[in-house]
Amino acid sequence: VTARPTSHMIEGAEPIMQDELKAGCETYACTMLLNMLGFDVDEFTIADNYLNCVYIYTADDGTKYGPDMFSAFAGSAYAGWGVYAPPMAKTMNAYLSDQGSALRAYNYEDIPLETLCEEYIDNDIPVMVWATTDMDEPYVFDEWVVNYVDENAKSEIGDTVPWYMHEHCLVLIGYDENEYYFADSTHGNISHFDKALVAERYEQMFSQCIVVK
């Protein structure tokens, strides 16, 4: 049995600064990942042509309505709340189909980060993961009543769902004995954080990821 490496970094990541799409961390992460795979695409192409956005609105009685984030983007990448892995995988697959690529995006849940490193990072396959900005503690900042679901929804029409402050999407590109490394749109560079902290935030954001293969 060959011992696993204690560190590995995928070369060629070019982080993009999240300066124009204020709610677009998932869009930037997807763009950075696609760029690493050799696709010449920018964040605006993804945001304007491929994201399934459902706007959040407030009714006359003050009730907010919006989508299950496992089904659609809440708001838009320009000004909104965010999106989880299943709709983002659909977004990426629509783009990949248009490129005539055989690659497909797959969203997964509950795969430990160490397993992602072993299966993908060690093989130079980057992984989009959901965690938080700067690995800050997430907390419920907003909520709304669900008015849009699809087959991936984790709630039903009429349920109230929370939105977590600091929700963030990054591209996992490496690790060493103590830290994980990410292409991170928050700073437009490579960020690195303590492994245990990342694992906690990843779990708090539903242990979700996307792999393109």
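I began with helix 3 (residues 85–98), whose 14 residues should span 20 Å at 1.5 Å a residue, and I found its end C-alpha atoms 20 Å apart, which agrees; the expected span is 1.5 Å times one less than the number of residues. Helices here are DSSP runs of H or I with at least four residues, strands are runs of E with at least two, and both are numbered from the N terminus.

I noted that this is a predicted model, in which local features need pLDDT of at least 70 and side-chain atom pairs count only at pLDDT 80 or more, while totals for chains, interfaces and linings use all residues. Residues are numbered from 1 along each chain as its sequence is written, and side-chain values use heavy atoms, with hydrogens and water left out.

Next I looked up how covered helix 3 is, and 10 of its 14 residues are buried (under 20% relative accessible area, with a 1.4 Å probe and protein chains only). Among them are Pro86, Met88 and Met92, and the cover over the buried residues includes helix 1 (25–36), strand 8 (127–132) and strand 14. Just after helix 3, I found glycine 100 with a positive phi of about 70°.

I then turned to strand 14 (residues 208–212), where glutamine 208 lies. Glutamine 208 counts as buried because its relative accessibility is 1%. Its contacts (heavy atoms within 4.5 Å), leaving out residues up to four places away in sequence, include Ala85, Pro86 and Met128.

Finally I followed methionine 128, which touches Met88, Met92 and Gln208, among others, again not counting residues up to four places away in sequence.

How values were computed. Buried means under 20% relative accessible area, exposed over 50%, partly exposed in between (1.4 Å probe, protein chains only).
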